[in-house]
Amino acid sequence: MSAEMNILNELEKQMYLFNIGEHFESYRFFGSKKRNEDNKDGWRFTVWAPNAKSVSLVGDFSDWKPIEMHRIGKTGGWSVFTEDAKEGQCYKYYIEDKNGKKKYKIDPYSFAYEVPPKDASVILDMPDKKWKDGRWQANKKRKAIYQKPLNIYEVHFSSWKKHEDGSWYSFKDLAEALIPYVKEMGYTHIEFMPLMEHPLEASWGYQITGYYAVAARYGNLLELREFVEEAHKEGIGVIMDWVPGHFCRNDYALSYFDGTPTFEYADPNRGVNNRWGTLNFDLGKSQVHSFLISNAIFWLEEFHLDGIRVDAVSNMLYLDYDDGPWTPNEDGSNHNREGIQFLQKMNKKIFERTPDAYMIAEESTAWANVTKPIEMGGLGFNYKWVQAFKDIRKVITIHNIRFQGIFDPVVLSSIFGTGMNIYHEAGVKYYDNVNFLKGGINFSDVVTTVSPSYANEIQTPEFGEGLEGALRYNSGKIRGIINGIDYDINNPETDPKLLYHFSSTDLSGKAKNKAALQERLGLEVNPDIPLITSVGRLTDQKGYQLVQEKAEELLNSRDVQIAILGTGEAEYENSFRYFASEYPDRFSAVIDFDITLAQLMYAGSDLFLMPSAFEPCGLSQMISLRYGTLPIVHETGGLKDTVVPYNAYTGEGTGFTFMDFSGYALLGTIYRALDVYENQPKAWAAMVQTAMSQDFSWKEPAKDYLEIYESLVNE
């Protein structure tokens with residue numbers, strides 16, 4: 001019998017234990033292993049691809065030309081030895097499925113990978129390590145874990161702290177900075193968010209591709225070992241988050257590894273994780289048991305980790321935990337029996353080998369007996385991660401996205417005491433600063449804005465003010481709800497700030513208010529001259545540059561009166577004062593804040609001007625509609641959602657609108673409005689009636705907000 005056959009026979013024995021779910025050190029024979037076979041130095045590569053038609057090895061050592069691998073009997077395993085491979089070279093498996101389709105796949109058991117976005121496996125065997133943490137290990141055995149204090153500091157590797165040039169800390173850097181900090185602050189343990197290989201930094205490591213490797217952007221296996229050793233020498237334990245429930249669905253990794261559901265469930269209702277965009281491990285498959293339990297043991301024993309926090313346990317316990325369709329048990333129940341059995345088996349095997357380990361369940365429901373012993377019907381964890389605020393749902397409302405709360409990162413620790421664990425791209429990090437609005441967007445369950453159109457606009461570069469990327473990433477939770485106005489305060493029949501009251505059936509009071517307004521503003525008192533007013537902050541956001549540009553042309557071309565009320569940028573204040581001095585009986589500029597005068601302008605004008613460059617919602621146009629004053633608005637944000645443009649053919653509409661943000665478009669729209677006012681009195685009267693019949697009270701918006709709140713608390 002040849003040496004190769006002897007090795008394959010030995011591998012067949014290992015594969016037997018793997019296939020029945022009883023091999024808990026499977027990393028010792030899968031993957032790339034340095035060997036001397038038949039007096040030849042080289043590397044043996046072994047992989048599980050049970051339904052593959054053929055498997056080849058490709059890599060730097062073969063110029064990426066396929067090297068045919070051999071079947072390991074009928075076990076589903078494949079293996080090959082090559083003298084040409086060298087440590088540090090890249091490789092993949094070239095797998096042909098049963099239909100003849102071929103794909104390149106990483107090695108699920110590789111100890112190293114390229115730095116993303118590259119994704120090849122890297123040849124590496126487990127480096128030797130002579131541990132120097134004997135005192136720590138001895139002390140762990142002196143007292144049961146429940147008799148020792150436990151105070152955990154959770155850390156995301158790449159965002160806890162960075163160098164001044166923006167580069168990440170290495171494990172050595174973290175050992176010098178993090179360990180003393182944690183010790184000084186009175187913590188007993190450091191808990192890392194997942195350190196395994198993952199392609200997307202925004203996932204915080206919870207969408208894993210390489211379960212047996214440290215993420216290449218962080219460092220390597222030896223460096224992690226050195227960090228753990230240093231922590232132990234300083235009396236600090238190390239725990240790591242681990243994700244055995246679901247995995248990254250990127251095509252080059254575990255997903256449909258041999259062309260069929262290999263690591264994942266075959267039933268898409270169970271295999272596809274809609275909420276996280278991942279695939280769920282088939283926890284009823286014995287080979288998956290071997291893969292995952294071996295992995296937990298790998299990190300606990302080979303790296304001297306003190307515990308594992310098992311992430312998303314709820315996803316493993318419930319068949320309907322995910323969004324979307326689900327397949328119940330035969331009796332209609334929703335408990336994942338295979339998941340329960342796996343967790344019990346996992347804890348049993350781990351505690352048999354490492355009885356002083358922390359096995360912490362991150363379980364977000366009220367599942368009973370999570371920490372109860374297995375023999376008593378429990379899951380067998382010794383701790384549960386209590387999410388004290390897990391039921392608090394979060395809604396943030398964006399009014400004007402220009403105002404974001406941007407500060408130096410020092411505020412995180414000096415003011416809020418949160419530390420740097422939220423300083424990352426999926427948190428509050430904004431270039432080299434902290435952006436609290438970005439954090440609110442990322443961390444909230446729902447993001448509301450004050451109009452549907454604005455909700456869409458802020459996801460574009462034109463209106464997003466630098467946050468359009470974060471908003472597009474969170475687009476699924478953005479809602480636009482129009483603000484309302486107080487119909488008791490803004491009521492033309494009862495408003496105490498008006499000199500004369502009126503209604504849609506009797507507009508005589510509106511005409512009297514116009515005369516009173518003209519007189520107060522020093523304008524010619526004439527009911528036939530159209531009066532255009534505007535109330536607001538005199539800024540470019542409100543579009544006053546367009547008024548500044550075209551006011552004189554309008555005054556010289558049409559018999560019209562204009563009145564502006566507000567304060568703001570000096571340029572606009574001075575421009576409007578100039579127009580008032582040049583056209584004293586036709587232009588009035590009140591550079592002040594006067595609520596009573598504002599109400600009189602809403603009620604006594606014919607047209608109300610809001611040419612905003614962008615307008616999240618706007619209230620003035622709603623108030624003007626309530627008082628029968630027809631708005632002229634730029635079609636943006638809430639202005640677009642609340643003002644129906646006049647249709648000359650049907651007579652429908654509640655105001656006049658323009659799309660192109662330019663002085664030319666504004667002036668043309670004013671001309672159209674004046675033509676209707678002067679030449680089509682019946683059409684004008686109908687529009688006033690329609691405008692006053694609109695309902696922009698808080699009645700409907702309040703229902704929309706209530707619906708959001710109820711949906712969140714009832715999830």
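A salt bridge here is a side-chain nitrogen of Lys or Arg within 4 Å of a carboxyl oxygen of Asp or Glu. Before you click: this is a predicted model, where local features need pLDDT of at least 70 and side-chain atom pairs count only at pLDDT 80 or more, while totals for chains, interfaces and linings use all residues. Residues are numbered from 1 along each chain as its sequence is written, and side-chain values use heavy atoms, with hydrogens and water left out.

**Stop 1: salt bridges.** Select Arg309 and Asp311: they form a salt bridge, with the closest N and O atoms 3.1 Å apart. Arg309 is buried at 5% relative accessibility, and Asp311 is buried too, at 10%. (Buried means under 20% relative accessible area, exposed over 50%, partly exposed in between, using a 1.4 Å probe and protein chains only.)

Next, pick Arg558 and Asp675, whose side chains meet in a salt bridge at 3.0 Å, N to O. This pair links distant parts of the chain, 117 residues apart: Arg558 sits in the loop between α14 (544-557) and β28 (561-565), and Asp675 in helix α19 (residues 663-679). Helices (H or I, at least four residues) and strands (E, at least two) are DSSP runs, numbered from the N terminus. Arg558 is buried at 18%, whereas Asp675 is partly exposed at 32%.

Now select Glu25, Arg28, Arg225, Glu301, Glu302 and Arg353; salt bridges with shared partners join them into one network. The whole structure has 42 salt bridges.

**Stop 2: the cores.** Which residues touch the most other members of the largest nonpolar core? Show Phe45, Phe192 and Tyr211, out of 106 residues in that core. A nonpolar core is a set of buried Ala, Val, Leu, Ile, Met, Phe, Trp, Tyr and Cys residues joined through side-chain atoms within 4.5 Å. Color helix α6 (residues 286-302) as well: with nine residues, α6 gives the most to this core. The core draws at least three residues from each of domain 1 (3-123) and domain 2 (149-384). Apart from it lies another core, of 68 residues, including Ala603, Leu607, Leu630 and Phe696.

**Stop 3: the domains.** Color by domain, with bounds from an automatic or database domain assignment: besides domains 1 and 2, there are domain 3 (395-480) and domain 4 (507-696). The centres of domain 1 and domain 2, taken over C-alpha atoms, are 25 Å apart. Their contact (heavy atoms within 4.5 Å) takes 37 residues from domain 1 and 39 residues from domain 2.
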